[in-house]
Amino acid sequence: MTSSVIPTIRPARPEDVPAVVAMVHELAEYERAPEQCHLTTEQLTSALFGAGAASDEPSAPALFGHVAVDERDEPVGFALWFLNFSTWAGVHGIYLEDLYVRPSARGTGAGRMLLATLADICVRRGYRRLEWWMIDWNPAAGFYASIGAEQMSEWVPYRLSGDALRELATQAATVGTRRGD
């Protein structure tokens, strides 16, 4: 049963990380791929708050997060995102990696408010795009269309991972690539 209380949206805090990790695993279950989800609290803490994984030195975070919280300040949804860059527009944008609202909080406006928060960040910072991918069978397609999001059919996603990624990486040394990462 959905609550009638509209969740509050705020930036994720370190104490939210265990709940967000649990929801990421719930999302993986929903997307029928729980065996592919290996996210840990330590990994997400490091990504969101810049805790150096290999040292005690802090580093700049590369991932940002917002949570939808209920009246007890408990996370019931999240958006994890990072900056991308359009070379054609010459400005950054936001890439939404994951958006998830727990079933008990669906219908409360939490998803819409998480997206509205990211849209507000884009507008205030002069970013021109808020983008994301969605699994093709997700019923949220209707919701996304209702807020004016357009499905991008002319761009085809590619992914390099696993053995293919490692194989290509070995070629960097053989072609004289300078390591400056």
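User: Which helix does L165 lie in?

Analyst: L165 belongs to helix α5, residues 162-174. Helices here are DSSP runs of H or I with at least four residues, strands are E runs of at least two, and both are numbered from the N terminus. This is a predicted model, where local features need pLDDT of at least 70, side-chain atom pairs count only at pLDDT 80 or more, and totals for chains, interfaces and linings use all residues. Residues are numbered from 1 along each chain as its sequence is written, and side-chain values use heavy atoms, leaving out hydrogens and water.

User: Why does L165 count as partly exposed?

Analyst: Buried means under 20% relative accessible area, exposed means over 50%, and partly exposed is in between (1.4 Å probe, protein chains only). L165 counts as partly exposed because its relative accessibility is 42%.

User: Now to helix α2: which of its residues are buried?

Analyst: In α2, residues 41-49, the buried ones include L44, S46 and L48. Their cover includes α1 (17-30), β2 (64-69) and β3 (75-86). Just after α2, G50 has a positive phi of about 75 degrees.

User: How many residues of β2 are buried?

Analyst: In β2, 5 of the 6 residues are buried, so this strand is mostly covered.

User: And how does β2 pair with β1?

Analyst: Two strands pair if DSSP finds at least two bridges between them. Strand β1 (residues 8-11) pairs with β2 in the antiparallel sense over 4 bridges, and R10 has V67 as its bridge partner in β2.

User: What joins β2 to β3?

Analyst: These strands run antiparallel, joined by 6 bridges, with A68 opposite G77 in β3. β2 and β3 form a hairpin with 5 residues between them, and D73 in the turn has a positive phi of about 65 degrees.

How values were computed: Contact = heavy atoms within 4.5 Å.
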